[in-house]
Amino acid sequence: MTLEEKAGQISQYFYLAGMSAQAEFVEAEVRSGRAGSLLFISDPAETNRLQRIAVEESRLGIPLLFGFDVIHGLRTIFPVPLGLAASWDPELVERVQGIAAREARAVGIHWAFAPMVDIARDPRWGRIVEGAGEDPYLGSQMAAAQVRGFQGDGIGTPDHIVAGPKHFLGYGAALGGRDYDEVNLSENELRNVYLPPFAAAVKAGAGNIMTSYVGTGGVPGAADRRLITDVLRGELGFEGFIVSDASSVVDLTTHGFAKDDLDAATRAIRAGLDMEMWFGLRFQEGMIPTPGVGAFATLPDAIRQGLVDEQRLDEAVRRVLLLKFRLGLFEQPYVDEGRAAKTLGLPEHREMARIAAERSAVLLRNIGSVLPLDRSAVRSIAVIGPLADDKQATLGPWAFAHDLEATVTLLEGMQRVAGSGVTVAYAPGVPVPTRVFPSPFAAMEQFVGDTSPQAALFDEEAEFSRAIELARTSDVVVLVLGEAADMNGEAASRSTLDLPGRQVELLEAVAATDTPVVLVLLSGRPLDLRRAIERTAAILVAWHPGSEGGLAVARVLFGEVAPGGKLPFSWPRSVGQVPLIYSHLRSHQPQTSMMRYWEEESTPLYPFGFGLTYGEVAYTNLCLHASAIGLDETLEIQVEVQNRSSRAIEEVAQLYLHQRYGRAARPVRELKAFQRVVLESGETRTLHFQLDAAARRYWSSAQNTSVLDASIFDVWVGGVSTASLHAEFTVQDSTGSFLSPTNKP
Ligand code: BGC
């Protein structure tokens, strides 16, 4: 390979079919062997056409690697990842991403830029929707499950694709929750909170990792040698290839970090980056964007000038080629164009989308057991709210190759499930809320809004009154409120957590009719419910539930299935509380921790791990197999969980741990294990947990390494992070002191 071909092999281009100049430019780069990978193509005929250029027209005939944002499905759209995390069901999530992989591979995609495993503790950050929420343990379980789902038994498994966990590292900690803003992480947070999901993804065999747009402490992610090479490769033992986020090598100059493209490429590759993801467009102020090469095109010069060691370049190229070999692309570079029709949106895929949406739903409130809806008592249902019949909001962000028409909205779901004896009528009440600054991804994600003549004629005052009248004359209101699809995701941060637009006004007016209100929230983050709570009989968080979302929610509301999801984050009372986490340190005056603000409780509105079901669950008989164990020993724990209701339910049993003292102060409690179980009516089940030494290991900033302390530990088990069923045990080293010289990490 020439130096140009090597640099090309590790250059990935967006292929923007709608922009002919950019597309033509990229095709020419492929033909000349200066592009090794493309992204954003989901049409198999296009994939094959471009692949043919690489294989038949370039000098070496090396096949292209096709990547795509397969975030929560391709044609069949599943709940957004935050919703999937709320299922607390890694097996389900593995199956979901397995289906996503099958659909993606059927159109010629080889690699998903997913899962996003960034911990998100600030819900103002729009990308909280793409991850598993605030907790490193839940995040790790979801990360590993998704990697297994995408990759199957490993890279090269038929019908599977390569997983690319992202964004390494700390992207979720942007100041003020503002996307792309500065991040400053302490070593304690970096190691104990943000790194574990990546470690789990690497352990599960992820073939790729994507770096972050932002950097921790002034060094942008694409060029952070310590993080990429020392930590990711050295400590976590990652063997796959590392790609930059879109254009973030060129952006090393924009950051005020690199001098120019040559400097950017040099520093990124020397830091350990293997591939540059690049828009293929240069944006010069005030000018029309023009097609052009990325920073890695300067690598041949960097080598000739002695700035980069050619062996480092070869190592990166080898990693990419190895992946292509493992995927079998040299034997079969093309996709069978007939497969898409036989694979996309299959009924069994859609069924899994429905099941996933049902398991993701979180019931926050159910006063007077208004839910499940009783068909003998409820004869007329008013479905109210602009999102109730909004297909895009049902799917959520990060859906590009979906079938909008085949999306089941809440309204349609209610109509289908209600049955002939129940009337379901609809009134939007207010228009779908819109952003002040439009989403930069609007065109790509088909967020075209409703451009129909009816939408233009929407008479707000008349519609508002019609909705209230409908509420007044119905037995129950299902009020569907929340965020439009483009209000969360990338470049979708918020400064408040308010229900956008006139939705609170609508809620208050509907509630004033005295008809019971069941509030269904479609959103990708917690919203401020302070004005909503007292006015509702029930609140169900449905997230953006996906292709079959409306059907799933209706089935939950009518009790065909009981809700069993739990919150993957602490639900704040107001935006002023964020970031708010359950696993905080005791710090100074722990007894006042719930009144750190003088005007409002500093506890969450709903705690991490919270979620109701239709019936009562009780935990009893928490037993530990020993009251004292050695440093490296595993503790066996068992507990009884009982379904005290008269129907089958699902419950997520959660185990939390607290270390009372040690070489660093540890969080008041941390999730260490969980199990989602089905419980028949009246059933009591004994659950077994194992707590090994790894569950007690943590990074101590004082020691600058990870440690295991001899200490006293508290254990709680229950259905929420505030569980009260408690036991304690002691961990001893041979001398019984955590300061002992034998207590080495
Ligand atoms: C996002 C990545 C995504 C990439 C490709 C970037 O803007 O940060 O998460 O994978 O675009 O679409």
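Colleague: Which residue in E16 is the bridge partner of Ile 384?

Modeller: Leu 479 is the bridge partner of Ile 384 in E16. Bear in mind that this is a predicted model.

Colleague: How many bridges are there between E14 and E16, and in which sense do they pair?

Modeller: E14 and E16 are paired over four bridges, in the parallel sense. E14 is also joined to strand E15, residues 423–427, by five bridges, and those two strands run parallel as well. On that side, Ile 384 has Ala 427 as its bridge partner in E15.

Colleague: Is E14 mostly covered or mostly open?

Modeller: Mostly covered, since five of its five residues are buried. Ser 380, Ala 382 and Ile 384 lie on one side, Ile 381 and Val 383 on the other, and all of them are buried.

Colleague: What about Asp 390, where is that?

Modeller: Asp 390 sits in the loop between strand E14 (380–384) and helix H16 (391–395).

Colleague: Why does Asp 390 count as buried?

Modeller: Because its relative accessibility is 12%, and buried means under 20%.

Colleague: Which backbone nitrogens does the side chain of Asp 390 lie by?

Modeller: A polar atom of the Asp 390 side chain lies 2.9 Å from the backbone nitrogen of Gln 392. For the backbone nitrogen of Ala 393, the distance is 2.8 Å.

Colleague: Another loop, then. Where is Glu 483?

Modeller: Glu 483 is in the loop between strand E16 (476–482) and helix H20 (503–511). It counts as buried because its relative accessibility is 0%.

Colleague: Which backbone nitrogen does the side chain of Glu 483 reach?

Modeller: That of Gly 524, at 3.2 Å. Gly 524 is also one of the residues in contact with Glu 483 once neighbours within four places in sequence are left aside. Others in that list include Leu 387, Ala 393, Arg 494, Arg 525 and His 544.

Colleague: Different topic. Which strands form the open sheet with E21 in it, and in what order?

Modeller: Three strands form that open sheet, in the order E19-E21-E24, with antiparallel pairing. Strand E19 (617–624) and strand E24 (684–691) are the edge strands, each pairing on one side only. Neighbouring strands of the sheet are turned by 25° against each other on average, direction ignored.

Colleague: How many bridges join E21 to E24?

Modeller: Eight, with E21 covering residues 635–643. In that pairing, Gln 642 stands opposite Thr 684 in E24.

Colleague: Now helix H7. Which of its residues are buried?

Modeller: H7 spans residues 187–194, and its buried residues are Leu 190, Arg 191, Asn 192, Val 193 and Tyr 194. Their cover includes helices H6 (136–151), H8 (196–203) and H9 (225–235), along with strand E25 (698–700).

Colleague: Last one, the whole protein. How many helices and strands does it have?

Modeller: There are 22 helices and 28 strands. Of the 745 residues, 62% count as buried. The C-alpha trace spans about 80 × 75 × 45 Å along its principal axes.

Colleague: What does the radius of gyration agree with?

Modeller: With a compact globule: for 745 residues that would give a value near 27 Å, and the protein has 26 Å.

Notes: Residues are numbered from 1 along each chain as its sequence is written. This is a predicted model: local features need pLDDT of at least 70, side-chain atom pairs count only at pLDDT 80 or more; totals for chains, interfaces and linings use all residues. Side-chain values use heavy atoms; hydrogens and water are left out. Two strands pair if DSSP finds at least two bridges between them. Axes are lines fitted to C-alpha atoms, for helices over the stretch in contact, and angles run from 0 to 180 degrees between N-to-C directions. Buried means under 20% relative accessible area, exposed over 50%, partly exposed in between (1.4 Å probe, protein chains only). Contact means heavy atoms within 4.5 Å. A polar contact is a pair of N or O atoms within 3.5 Å; within protein, one must be able to donate a hydrogen and the other to accept it, and residues adjacent in sequence count only if both atoms are side-chain atoms. The radius of gyration is taken over C-alpha atoms; the globule rule is 2.2 Å times the number of residues to the power 0.38.
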